[in-house]
Amino acid sequence: MAWKRGGQTEAHGPIKLTDAQLRLIPELLSHGAEAYGFRGEVWTCARVATVIWEEFGVSYHKAHVSHLLKHLRWTPQLPIERASQRDEAVIKRWRIQVWPELKKRYA
């Protein structure tokens, strides 16, 4: 991995998970927080740290988990899948025609 130097991240301490384990994290999180016994589907760094501990027996501070997730380009704010009802043509037209007018009106 490009961010690993001598077993450590460039600025954030030791790497404890293997590359294979790191690649599994998005897959594990895709099952949802409730699959791990959490109430609600919100992922927090503390919850992800708990999942890493349960799955791999590796302890991470919740602050370091955010660096791992950023490295994996995983953000809980972005849905992994798009809604089946989503109409890309309508969305594109709205962005081009409606949004600029709204932006002018309320800017």
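Lys 104 forms a salt bridge with Glu 101, and the closest N and O atoms of the two are 3.6 Å apart. A salt bridge here is a side-chain nitrogen of Lys or Arg within 4 Å of a carboxyl oxygen of Asp or Glu. Side chains of opposite charge can pair when their charged atoms come close. Lys 104 and Glu 101 are three residues apart in helix 4, so about one helical turn separates them. Lys 104 counts as exposed because its relative accessibility is 61%, while Glu 101, at 42%, counts as partly exposed. The cut-offs for these words are as follows: buried means under 20% relative accessible area, exposed means over 50%, and partly exposed lies in between, with a 1.4 Å probe and protein chains only. A search of the whole structure finds one salt bridge.

The structure is a predicted model, in which local features need pLDDT of at least 70 and side-chain atom pairs count only at pLDDT 80 or more, whereas totals for chains, interfaces and linings use all residues. Residues are numbered from 1 along each chain as its sequence is written, and side-chain values use heavy atoms, with hydrogens and water left out.

The chain has four helices and two strands. Read from the N terminus on, its elements run β-β-α-α-α-α. Helices (H or I, at least four residues) and strands (E, at least two) are DSSP runs, numbered from the N terminus. Of the 107 residues in the chain, 25% are buried. The chain exposes about 8100 Å², and carbon and sulfur atoms supply 53% of this area. Accessible areas come from the Shrake-Rupley method with a 1.4 Å probe; for residues, only the protein chains shown count as cover.

Next comes the interior. In soluble globular proteins, nonpolar side chains tend to be buried together. The largest nonpolar core in this model has 20 residues, and those with the most contacts inside it are Leu 17, Ile 25, Trp 43 and Ile 52. Helix 1 (19-29), helix 2 (45-56) and helix 3 (62-71) each supply at least two residues of this core. The largest share, five residues, comes from helix 2. A nonpolar core is a set of buried Ala, Val, Leu, Ile, Met, Phe, Trp, Tyr and Cys residues joined through side-chain atoms within 4.5 Å. Leaving aside residues up to four places away in sequence, Leu 17 touches Leu 22, Ile 25, Ile 52, Phe 56, Val 58 and Tyr 60. Contact means heavy atoms within 4.5 Å.

Trp 43 also takes part in ring pairing. A search of the whole structure finds three aromatic pairs. One of them joins Phe 38 and Trp 43 edge-to-face, at 6.1 Å centre to centre and with 75° between the planes. Rings of Phe, Tyr and Trp (its six-membered ring) pair if their centres lie within 6.5 Å; planes under 30 degrees apart count as stacked, over 60 as edge-to-face and the rest as tilted. Ring pairs link Tyr 36, Phe 38 and Trp 43 into a cluster. Trp 43 is buried because its relative accessible area is 10%.

Other nonpolar residues lie on the surface. Trp 94, Val 98 and Trp 99 form a nonpolar patch there, with about 290 Å² of accessible area together. Val 98 lies in helix 4 (residues 88-106), and its relative accessible area of 35% makes Val 98 partly exposed.

Arg 23 lies in helix 1 and counts as exposed, at 60% relative accessibility. Arg 23 and Leu 72 are 49 residues apart in sequence, and their C-alpha atoms are 7.7 Å apart in space. Arg 73 is found in the loop between helix 3 and helix 4. Although Arg 73 is not a glycine, it has a positive phi of about 60°. At 78% relative accessibility, Arg 73 counts as exposed.

Conventions
Patches are made of residues with over 30% relative accessible area and no salt bridge: like charges are joined within 9 Å, nonpolar side chains (Val, Leu, Ile, Met, Phe, Trp, Tyr) within 5 Å.
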